[in-house]
Amino acid sequence: MCDPKDPDYQIEELRVQIEYHNYNYHALDSPEITDAEFDRLFAELQRLEALHPHLIVSGSPTQRVGSAPLKKFQEVTHTVPMLSLENAFTDADLAKFDHDICTELKLSKVAYTGEPKLDGLAVSIRYENGDLVQASTRGDGTTGEDITQNVRTIRTVPLRLFGNDWPAVLEVRGEIFMRKKAFNTLNTLIIAQGGKPLANPRNAAAGSLRQLDPTVTAQRPLSFICYGLGIVEEPQEPLPTNHQELIYYLINWGLPISSELSYLKDLEACRAYYQDIGMLRDSLDYPIDGVVFKVNSFAHQAKLGFRSHNPRWAIAYKFPPEEQLTRIEAIEFQVGRTGAITPVAKLRPIQVGGVTVSNATLHNIDEVTRKDIRVGDLVSIYRAGDVIPKIGQVHLEHRPKFSEVTKLPDLCPICGSKILKPEGEAVARCTGGLYCPAQRKETIRHFASRPAMDIEGLGDKLIEQLVAKKLVTAPSELYSLELSQLVNLERMGAKSAANLLTALERSKTTTLARFIYALGIRDVGETTAQALTQQFHDLNSLMHASNEALQNVEGVGLVVAEHIVTFFQQLHNREEITRLLQAGLQWSSTNVPKKIPNMHLEGKIFVLTGTLSRPRSQIKAALEARGAKVSGSVSAKTDYLVAGADSGSKLTKAKALGTKILDESALDLLLKEAQN
């Protein structure tokens with residue numbers, strides 16, 4: 001029999017009480033005790049654990065925050081992939097989805113479940129023997145990032161499952177988000193502290209969840225709702241056989257679910273549910289961008305199976321974007337960290353979907369020209385996916401007299417360097433490279449990266465500090481840093497500072513190929529840099545090479561040759577190279593790299609277009625390492641077009657030619673196949 005005076009018993013009882021009241025307060029919004037009483041219970045648990053530290057366990061409510069800041073997130077491979085959902089945008093899309101399912105199952109109608117599609121971040125949380133052991137982001141569906149220490153700080157996520165009848169291993173899938181009220185309160189606090197307000201609840205949740213320091217995440221009011229399971233091992237009793245009952249079953253283990261989850265007997269019930277949630281949308285205290293419908297029966301789900309990227313038995317029916325009318329007061333050209341020149345419309349502030357919008361992306365100059373967008377125009381503003389403000393229709397009948405056509409500037413608005421827009425490319429770029437302040441952080445990060453100068457210890461956070469304090473304005477200034485400057489930086493002690501100086505000194509001895517790659521010339525990846533050193537055995541010859549001579553190098557076409565010539569024509573780039581050499585960077589003239597052996601994509605021609613999730617240089621290097629060639633323009637010889645968001649004329653031409661078009665997921669699969 002348990003002794004009520006036994007510390008072990010007292011501590012365990014307090015933990016159970018605290019988690020119970022925590023669940024009622026944060027997950028059910030139905031507190032049974034006052035905040036003061038909750039604080040008293042928590043303080044008593046802290047007191048007892050301090051007296052008996054050997055009884056402290058990771059699942060205790062007192063241990064939600066306590067891990068040291070990470071240097072970076074580790075990768076996690078999902079045992080069961082976290083697939084995306086097929087989208088429906090019209091009633092016809094939903095009807096086709098239902099028709100295909102009924103046909104496949106040979107039924108006249110199918111029952112579904114419906115729940116709001118939360119606008120947050122998908123996560124997988126793994127419990128072993130009832131204890132939370134790991135949490136990860138969705139990532140690409142196969143591999144995500146380990147965010148365990150941050151998820152532990154979220155009050156609606158139980159550190160230990162309720163009861164004792166859970167499976168030995170249980171992976172919970174759900175959404176982490178920020179409630180509207182919590183978001184507004186957080187922004188009020190940030191503004192009061194002199195900070196820049198967060199853009200919207202989704203961005204706030206994403207930024208909070210990806211903090212390397214869990215104490216920062218703990219201060220952000222994040223919430224969690226469970227909508228499914230991943231892997232389940234050794235259940236103590238059979239789980240429910242349909243989705244609705246399973247989700248309700250999870251409440252027994254302290255897992256929060258959507259209060260709007262509903263059983264829907266057929267397509268007509270789905271339509272009615274979609275309309276009902278649409279009417280409730282503004283009154284809900286959490287951001288949503290649609291409704292998710294899932295076939296209720298697990299047996300039916302199993303028969304329907306999966307496509308390569310999504311299940312056949314589920315669909316996300318998106319809400320139409322909300323629109324408002326306003327005027328364009330100015331059009332500015334912003335310079336991104338990679339030199340991309342992006343036109344941005346400065347708007348007369350307007351409320352769209354409960355958020356004040358004063359800027360809208362115009363993507364690229366081709367888009368501006370196609371829509372003929374001008375300063376003074378009356379335009380429709382909508383928020384795509386409730387996040388990014390965009391311009392829909394231009395109302396030409398309200399255009400002011402004497403408005404002027406919007407043109408791409410010749411020179412970078414930040415550094416005055418020439419702006420280059422290759423034929424067939426949608427994106428124009430500043431050629432300032434090493435010189436342009438807007439590209440400074442990315443330039444230094446690339447310069448210090450492992451394939452380039454390989455400066456160990458010079459990470460993103462340190463680069464941000466060096467640039468913010470104006471200790472480094474160009475890569476060459478890295479080599480003039482002193483110990484006294486470094487030791488005053490955040491999280492930089494004397495030993496770390498000395499190690500960085502040693503790494504900088506070591507990086508001075510390199511190879512010509514690494515140095516060329518480190519310069520960050522547009523579309524010059526590792527493979528191209530190596531090929532250039534085979535053709536031009538010294539830097540001076542390369543710097544004075546003609547466009548025609550460069551095109552004799554394997555993998556260098558007209559566009560890449562123009563990038564190289566333009567880069568070396570810029571006086572400030574030549575001056576920076578001189579400063580780097582004066583700092584002591586050197587390489588052996590006989591150190592000419594051997595050609596990388598071709599692999600399974602040998603001879604295949606790829607073209608990259610649109611906005612991609614990673615630098616094109618990385619994608620280009622990965623393709624070239626497998627024997628492929630990357631061209632700057634689409635032709636009849638092009639084998640594959642890799643198309644990102646907002647693809648322009650290249651995509652149109654590729655479709656006309658019948659070129660095979662890949663998204664990034666399909667490209668990743670192709671690269672993996674070529675590696676095996």
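1. Quick reminder before the sheet: two strands count as paired if DSSP finds at least two bridges between them. In this predicted model, S4 (residues 121-128) and S5 run antiparallel and are joined by six bridges.

2. Zooming out, S4 and S5 belong to an open sheet of four strands, ordered S5-S4-S7-S8 and paired antiparallel. The edges are S5 (131-137) and S8 (222-233), each of which pairs on one side only. From one strand to the next, the twist averages 25°.

3. Have a look at helix H6 (residues 201-209) too: H6 lies across S4, S7 and S8, and runs at about 130° to S7.

4. Phenylalanine 177 deserves a click. This residue sits in strand S7 (residues 169-178). Is phenylalanine 177 buried or exposed? With a relative accessible area of 0%, phenylalanine 177 is buried, since the cut-off for buried is under 20%. Leaving aside neighbours within four places in sequence, its contacts include Leu118, Ala205, Leu222, Phe224 and Tyr286. Leucine 222 is 45 residues away in sequence, yet the C-alpha to C-alpha distance from phenylalanine 177 is 5.8 Å.

5. Last, the helix pair H20 (residues 558-569) and H21 (residues 571-582). Their axes come within 5 Å and cross at roughly 75°, so I'd call H20 and H21 roughly perpendicular to each other. On the H20 side the contact uses Phe567, Phe568 and Gln569, and on the H21 side Leu571, Asn573, Arg574 and Ile577. By class, that makes four nonpolar, two polar and one charged residues.

Methods: Residues are numbered from 1 along each chain as its sequence is written. This is a predicted model: local features need pLDDT of at least 70, side-chain atom pairs count only at pLDDT 80 or more; totals for chains, interfaces and linings use all residues. Side-chain values use heavy atoms; hydrogens and water are left out. Axes are lines fitted to C-alpha atoms, for helices over the stretch in contact, and angles run from 0 to 180 degrees between N-to-C directions. Helices (H or I, at least four residues) and strands (E, at least two) are DSSP runs, numbered from the N terminus. Angles under 35 degrees count as roughly parallel, over 145 as roughly antiparallel, 65 to 115 as roughly perpendicular and the rest as oblique. Contact means heavy atoms within 4.5 Å. Ala, Val, Leu, Ile, Met, Phe, Trp, Tyr, Cys and Pro count as nonpolar, Asp, Glu, Lys and Arg as charged, and the others, Gly among them, as polar. Buried means under 20% relative accessible area, exposed over 50%, partly exposed in between (1.4 Å probe, protein chains only).
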